[in-house]
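Visitor: Could you walk me through how to read a few features of this structure?
Guide: Gladly; let us look at it together.

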Amino acid sequence: MHKLIVVGSGIKSVAHLTEETKRIIQNSDRVLYLVNEELLKQWIERESKSAESLEPIYFNSNKRVDSYNRITLEIIKNYYQYTNLCVVFYGHPTVFAESALKAVKMIQAEKGNAIILPAISSMDCLFSDLQIDPGEQGCFSIDATELLIYERTLDLQSHIIIWQTANLGRFDIQKTTKISVLKDYLCNYYSCDQLVCVYEAALYPTQIPRIEWHRLTDLERVKINPISLLYIPPSPIEKLSTKYLALLEIDVDNFKLSTEAYTASK
């Protein structure tokens, strides 16, 4: 039976490849890949039995939606041509990788064998580099264009992560000229003096991430790259719900640090 395994390369070149992903790339009959780092491309070409880049399809369409659809069709075509097919996408294979996700669902709908393995995304890197626990106050993550065209409501008490800012309002792969529109939208929720972070994960083990804090009012003058994420820290949570404290029978003191003195063991 034919099998498709979709994997992610992670962010930091070959260093983020899991051992499982490496073995799949090495043992598959065919590997298709769409990654943005040259050393990783070379590693895939060297280690796989047969490999082909999906870049010609991605860059030869005027519309991104067309390139995504053509990549999906290319994956499905190769699935039926090879017994074991591996498809490698940069980062996490379902995070802004519509082509892979659609291909897997279409194959599964035909009772085929297709799975996706997890990988490190740029958001995972952001959590580590900015020392953020998304479980503390929650996390709201959204594409920049979707945020605006649906006028999505922001939860100011959550960590806010905005993706694809460089592509805001674009149907192609050109950079946006509409950052001011995003700035004005965010100023409806925050003070224009609110500090926001432009974040880019390090692509190599020897690099450091880009972590730049700017006032929201200055956002349109900041360089935004295709790999940039926009992060806004949460506002403090100040009021507990007495209703749900009662319904859950919660004694708040049980969630506070004990005042009992501790002696470090020798």
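**Reading surface, cysteines and strands**

Guide: Let us start with Phe 255, which lies in the segment after helix 9 (242-247). Helices (H or I, at least four residues) and strands (E, at least two) are DSSP runs, numbered from the N terminus. This is a predicted model, where local features need pLDDT of at least 70, side-chain atom pairs count only at pLDDT 80 or more, and totals for chains, interfaces and linings use all residues. Residues are numbered from 1 along each chain as its sequence is written, and side-chain values use heavy atoms, with hydrogens and water left out.

Visitor: Is Phe 255 buried or exposed?
Guide: Buried means under 20% relative accessible area, exposed over 50%, and partly exposed in between (1.4 Å probe, protein chains only). Phe 255 has a relative accessible area of 66%, so it counts as exposed.

Visitor: How many disulfides does a search of the whole structure find?
Guide: A disulfide is a pair of cysteine sulfur atoms within 2.5 Å. The search finds 1: Cys 187 with Cys 192, sulfur atoms 2.3 Å apart. Cys 187 is buried at 19% relative accessible area, while Cys 192 is partly exposed at 33%. Cys 139 is in no disulfide, and the nearest cysteine sulfur, that of Cys 197, is 13 Å away. Cys 139 is partly exposed, at 33% relative accessibility. Cys 197 is in no disulfide either, its nearest cysteine sulfur being that of Cys 125, 13 Å away; Cys 197 is buried, at 0%.

Visitor: Which strands pair with strand 4 in the parallel sense?
Guide: Two strands pair if DSSP finds at least two bridges between them. Strand 1 (residues 3-8) runs parallel to strand 4 over 6 bridges, with Val 7 partnered by Val 88. Strand 2 (residues 30-34) is also parallel to strand 4, through 5 bridges, and Leu 34 stands opposite Phe 89.

Visitor: How many residues of strand 4 are buried?
Guide: Strand 4 (residues 84-89) is mostly covered, with 5 of its 6 residues buried.
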